[in-house]
Amino acid sequence: MAAPDTRPAPLPSHLFYQSRLRRPRLDRADGIYLWDANGKRYLDGSSGAMVSNIGHSNPRVLAAMRRQMDRSTFGYRLHFENDAAESLADRVADLCPAGLNRVFFVSGGSEAVESCLKMARQHALATGHPERWQVISRQPSYHGSTLGALAVTGYGPLNDPFEPMVRTMPKIPAPTCYLDRDESSDEERGLRYANMLRDKIEEVGAASVLAFIAEPIGGASTGALVPPDSYFPRIREICDEYGILLILDEVMTGVGRTGTFLAAEHWQLRPDIVAMAKGFGAGYVPLGAMVTRDDIVEPVLDAGGFQHGYTYAGNPIACAAGVAVVDEIIERGLMRNTIDVGAALKSRLEALMSRFPFIGDVRGRGLLLAFELVADRGTMKPLPKELNAYLRLVELAYERGLIIYSRRTRGGLEGDHFMVCPPMITTMTQVEEIVDLLVDSLAAFAAEAGLPA
Ligand SMILES: Cc1ncc(COP(=O)(O)O)c(C=O)c1O
């Protein structure tokens with residue numbers, strides 16, 4: 001008799017990501033839709049992870065990449081400049097608020113944030129302030145997965161395992177005013193949260209503070225949190241008062257997703273350094289950038305150079321794709337479409353609150369939108385944790401061919417929010433399609449969880 005086979009069962013794949021969750025294989029994608037290998041169609045209601053801003057298989061981008069590939073695919077930055085990187089830097093400088101005219105390319109959001117932190121530090125050194133090193137950030141927040149970006153990220157489940165390895169930076173609460181149920185006005189709430197920066201600076205020692213970093217409109221960690229209009233103007237004043245740099249993490253908001261090239265423009269805000277990524281490569285290439293001003297860069301270059309950089313920086317294929325993405329957004333008026341379609345989608349989501357009393361809040365701007373589920377809209381008490389709504393509703397939507405993106409809200413500890421962020425090319429008809437699929441998914445979730453609908 002043959003000996004029993006004790007070898008482990010063959011793995012379905014050698015690949016792994018952060019969990020055992022595996023998905024069907026992607027076959028093709030076009031516009032706002034993707035198809036798996038079984039022919040099932042999915043509406044990309046979250047643009048992947050808020051990335052595919054101009055939709056999939058855009059002919060202009062594909063042609064630009066092919067043209068560039070026929071010329072060259074790589075020239076290391078210490079050996080060659082390239083036309084594509086120059087053109088993209090020119091466009092970014094033109095589109096960013098005045099003064100933000102120096103562009104440093106990277107390959108993604110975490111790299112962009114690392115670059116901002118290091119530029120801020122080197123600027124302090126170059127201008128005679130070696131005592132400045134602390135970067136204040138917010139809780140909850142997400143600034144990337146590398147250890148430097150994690151030091152300013154405020155999201156427990158992501159921070160905790162690495163806490164001993166990271167020089168964790170001071171945090172202030174993000175302006176989660178939708179949870180505040182007092183008599184103050186929106187303006188007062190915005191000022192109250194902004195003044196927490198002043199208090200934190202005083203607490204940790206003003207002389208040691210280098211910068212403040214924030215997402216202008218929150219991403220997945222807060223579920224599209226929009227601060228009151230009074231918040232960022234006061235933040236800018238505080239930064240100026242204490243001589244600290246304002247770094248905006250526009251990795252998710254940048255390149256048009258909220259209806260303006262940078263979300264900073266909603267408040268005529270003047271950041272000192274900006275991180276951009278997702279919508280830049282728009283799902284075609286890994287691409288990101290740090291953008292800043294002459295008066296920040298020049299002292300650093302004069303003092304011996306920026307001690308930082310990545311091998312693929314300014315890659316010609318990535319930059320050629322980036323130029324085509326930006327041109328597509330401008331020439332097709334996609335920021336205008338984002339404002340119009342975003343407003344329609346937001347009001348359709350708000351309308352769902354009357355049918356589904358467990359939707360506690362709808363927020364966001366442009367096509368960076370989210371809704372949060374709660375047990376009680378009056379107190380904003382979250383749904384019971386064991387329902388795992390943040391996973392379950394996503395699955396129910398996925399089964400129905402709608403992709404949405406979720407997180408545990410409130411710092412990753414409890415609560416459930418869902419990002420509804422389709423590509424900037426979405427039409428009004430497609431808004432209805434999204435909402436129909438969502439209603440179906442919410443009704444199925446309510447039935448399963450015993451919630452009213
Ligand atoms: C605001 C923000 N910053 C930084 C990052 C990190 O970007 P990446 O995943 O490209 O490294 C993300 C990604 O989700 C983000 O949303």
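**Notebook: a predicted model, element by element**

I looked up Ser230 and noted that its side chain reaches the backbone oxygen of Glu187 at 2.8 Å. I count as a polar contact a pair of N or O atoms within 3.5 Å; within protein, one must be able to donate a hydrogen and the other to accept it, and residues adjacent in sequence count only if both atoms are side-chain atoms. Ser230 sits in the loop between β7 and α8 (231-242). Ser230 is buried, at a relative accessible area of 12%. Buried stands for under 20% relative accessible area, exposed for over 50%, and partly exposed for what lies in between (1.4 Å probe, protein chains only). Helices (H or I, at least four residues) and strands (E, at least two) are DSSP runs, numbered from the N terminus.

**Basis of the entries**

The model is predicted, so I note that local features need pLDDT of at least 70 and side-chain atom pairs count only at pLDDT 80 or more, whereas totals for chains, interfaces and linings use all residues. Residues are numbered from 1 along each chain as its sequence is written, and side-chain values use heavy atoms, with hydrogens and water left out.

**Strand β5**

I asked how many of the six residues of strand β5 (residues 134-139) are buried. Five of them are, so the strand is largely enclosed by the rest of the structure. I then traced its partners, where two strands pair if DSSP finds at least two bridges between them. Strand β7 (residues 209-214) runs parallel to β5 and is joined to it by three bridges; here Val135 stands opposite Ala211. Strand β6 (residues 171-173) is likewise parallel to β5, with three bridges, and Ser137 stands opposite Lys171 in β6.

I moved on to the peptide bond between Gln139 and Pro140, which is cis, with omega about -5°. Most peptide bonds are trans. Pro140 belongs to the loop between β5 and α5 (147-152).

Pro140 also lines the largest cavity, together with Thr176, Tyr178, Thr222, Thr409 and Arg410. I recorded one cavity of 30 Å³ or more in the structure, and the largest cavity has a volume of about 30 Å³. On a 1 Å grid over the protein atoms alone, a cavity is a set of points where a 1.4 Å probe fits but cannot get out; a pocket is an open set with protein on both sides within 12 Å along at least five of seven lines; lining residues have an atom within 4 Å of a point. Grid points are joined across faces, edges and corners, and a volume is the space filled by probe spheres set on the points.

By class, I find two nonpolar, three polar and one charged residues in the cavity lining. Nonpolar covers Ala, Val, Leu, Ile, Met, Phe, Trp, Tyr, Cys and Pro, charged covers Asp, Glu, Lys and Arg, and polar covers the others, Gly among them.

**The second largest pocket**

I noted a volume of about 690 Å³ for the second largest pocket. Its lining has 24 residues, of which Arg77, Glu81, Val103, Phe104 and Phe105 lie nearest its centre. Which element gives the largest share of this lining? It is β4, with four residues. At least two residues each come from α3 (83-95), β4 (102-106), β10 (288-292) and α10 (294-302). The classes are 13 nonpolar, seven polar and four charged residues.

**The ligand**

I listed the residues that surround the ligand, including Gly108, Tyr142, His143, Glu215, Met252 and Lys278; a residue is near a molecule when one of its heavy atoms lies within 4 Å of it. An oxygen atom of the ligand is 2.8 Å from a polar backbone atom of Gly109. A ligand oxygen atom is 2.6 Å from an N or O atom in the side chain of Ser110. A ligand nitrogen atom is 2.7 Å from an N or O atom in the side chain of Asp249.

**Positive phi**

Most residues other than glycine have a negative phi. I found Met380 with a positive phi near 60°. Met380 lies in the loop between β12 (368-376) and β13 (381-382) and is buried, at 2% relative accessibility. Asn388 has a positive phi of about 45°. Asn388 lies in the loop between β13 and α13 (389-399) and is partly exposed, at 29%.

**Two helix residues**

I checked Glu114 in helix α4 (residues 109-126); Glu114 is buried, at 12% relative accessible area. Its C-alpha atom is 8.9 Å from that of Leu147, 33 residues apart along the chain. Arg348 lies in helix α12 (residues 334-355) and is partly exposed, at 27%.
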